[in-house]
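Hello,

Here is the model I promised to pass on to you.

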Amino acid sequence: MIGSALGIAVDSVFANPTASLLPSGSLMIGVSQETAEAEGQAADFLARAQAEIPTLLPTTLADPQTIKPVRDTAAYLRWRINPAADIDSIYRNLYKTGDTVFLDFGQHVTGYLSLEVEGVGTNVDSPARIRFTFGETPGDIAEELYPYKGNLASAWLPDEVLNLDPLPGNFTITRRHAFRYLRIDVLSTSPKFSVRFSKIEVKSITSAQGQALPISSDVQPLAKQIDHVAIDTLRNCMQTIFEDGPRRDQRLWIGDLRLQALSNYVTFRNYGLVKRCLYLLAAFPQEDGLLRACVFEKPAPRHSGDTILDYACIYAALLREYLDQTGDIATCRALWPTVLRQMEIVSGYINADGVFVDPKTIWVFIDWNEKLHRDASMQGVIIFSLRHALVLAEKLGDLASKKRLEDMVEQLAAAARQKFLDPQLQLFVSGPDRQVSWASQAWLSLAGVLSIADTTSLLKRAVGHKEILPPSTPYLYHYVVEAMITHGLKDEADDVIVSYWGGMVRRGADTFWEIYDPDDSLASPYGDVHINSFCHAWSCTPAYFFRKFGLGASQAYGQA
Ligand code: RAM
């Protein structure tokens, strides 16, 4: 598929991904010199990223409440949490082999657990083997994690078995965890003693400084609650990078980053952290320049093997929005060739009719919904990103690139109307079965392939279309809401926030989840709900919608 052409009217640079939008001199140099330059640039980008490592602010939370999870078939999360005994009962009781205690810190945290443990008995003649299980939801601590059925490494499961030795002692679990609930299982002590716990504390950390900028006082109580949960989600994902989720992956993903950056700009305004992440991503492209979908940060920054075509495109939006927020033209200039390279590479996936056809050789994400046909939505992502790139080109005075990008937008938009707009339904369709999905409507709306008025009508039709394939993640729901807001459907956008994010709040979310299927609390893209992340950055954007567009005041929140 690489090398396919856009068609005659397209500038050759887009029809040939080996050509370049970069100054022509860069094509003339030898291969080894090119490699050396790429390495030099990567080192430079990395150095700039490392200069922005933020300080992590610690807060200590101590003395959790002892609780008892109770199976509740009527509760979405499958369990109800009842307080058990007195608040300090864990400190007064003694625990032997086979005993279990459940604790609640009262809020979700990202941090390090520490506690004191002593042996009480005739002889403290062995270590104490203890399992700690960290729960973001009640199910994490109340249900057995094993046998594990998922397809991601079980090493991500939130439990640790430690042999505490010698006793008494003060112990800190060195691995950082994300949790509200804690289960302690005493797996083994010698029969000659029991253990007593004291000074149970968690040191939570974040790079979000101070309070988030306030929300308008006009918003409804449910909107305030949603906002609170969104802010906690963002705060707990803001570490020395914007992590996707502090429980699992703990990685910088381009798609998650755009949504975190948007929310950060209207709340904590940590611009340095966005800059760091932009440079980190740009420091580790593939050999052909395609950005990796994510990078690992620790122990030292390094690339991942994943590439996602839509994420690579979205980097253009990230850089443009960063420039709008900060005016940091120097960073933009440094990273502009990276944006252009993504645009060049993606153009290689466009066929002679100006249409994206999923080659199945590269990951096109859009959403986790397995049933989704992705051609139409990916076409939308490409045009959306090209539009951001051409604004950057203009701001940077790269008028030749701007012209090429404009031509390409025109070609792809015309092709999208031709290929993906169903003349009868007046909705976007994708694939041989002419699938109508929210992914296609949202992304081709955001791409602006129809006039604003026509897009507004189309989105209203989509709201009324009964068989439309819904998103399965807050990530895609974000783009549905973004498309609605930017086309005047504010009430409909509020309705989505009320039912989707409000639904999570009503069902007990302290932080927003990676996946939310209102009909199935066990849904997981990874085959086992216990590997899901329940504090997931891509779901924090109600904080952005409320502050940026004045959402949250509608009556819909009152009726929920
Ligand atoms: C998941 C991550 C992340 C997402 C990618 C596509 O594993 O948690 O949020 O961006 O996949």
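**Notes on the structure**

Glu243 forms a salt bridge with Arg176, with 2.8 Å between the closest N and O atoms; a salt bridge here is a side-chain nitrogen of Lys or Arg within 4 Å of a carboxyl oxygen of Asp or Glu. Before going further, a word on the source: this is a predicted model, in which local features need pLDDT of at least 70 and side-chain atom pairs count only at pLDDT 80 or more, while totals for chains, interfaces and linings use all residues. Residues are numbered from 1 along each chain as its sequence is written, and side-chain values use heavy atoms, with hydrogens and water left out.

**The two domains**

The protein chain is assigned domain 1 (58-206) and domain 2 (221-559), with bounds that come from an automatic or database domain assignment. Their centres, taken over C-alpha atoms, are 37 Å apart. To the contact (heavy atoms within 4.5 Å), domain 1 brings 29 residues and domain 2 brings 33 residues.

About 2,600 Å² is buried between domain 1 and domain 2, and carbon and sulfur atoms give 52% of that area. Buried area means the accessible area (1.4 Å probe) that two parts lose on being put together, summed over both. On the domain 1 side, Tyr76, Trp156 and Arg176 lose the most area to domain 2, together 30% of what that side buries.

Four salt bridges are counted between domain 1 and domain 2. There are also 19 residue pairs in polar contact between these domains, both residues at pLDDT 80 or more. A polar contact is a pair of N or O atoms within 3.5 Å; within protein, one must be able to donate a hydrogen and the other to accept it, and residues adjacent in sequence count only if both atoms are side-chain atoms.

Which elements supply the side of domain 1 that touches domain 2? Strand 4 (100-121), strand 5 (128-135), helix 4 (138-142), strand 8 (177-188) and strand 9 (193-206) each supply at least two residues. Helices (H or I, at least four residues) and strands (E, at least two) are DSSP runs, numbered from the N terminus. Strand 4 gives the most to this side of domain 1, with three residues.

**Elsewhere in the chain**

By the salt-bridge rule, the count comes to 34. In one of these, the side chains of Glu143 and Arg78 meet at 2.8 Å, N to O. Glu143 is in the loop between helix 4 and strand 6 (159-164) and Arg78 in the loop between strand 2 (65-71) and strand 3 (79-83), so the pair ties together parts 65 residues apart in sequence.

The loop between helix 4 and strand 6 also holds Pro147, which a cis peptide bond joins to Tyr146, with omega about 0°. A cis peptide bond also runs from Lys298 to Pro299, with omega near 5°; Pro299 lies in the loop between strand 11 (294-296) and strand 12 (302-303).

One for your backbone checks: Asp249 has a positive phi of about 80° although it is not a glycine. Asp249 sits in the loop between helix 5 (221-237) and strand 10 (252-253).

Best wishes
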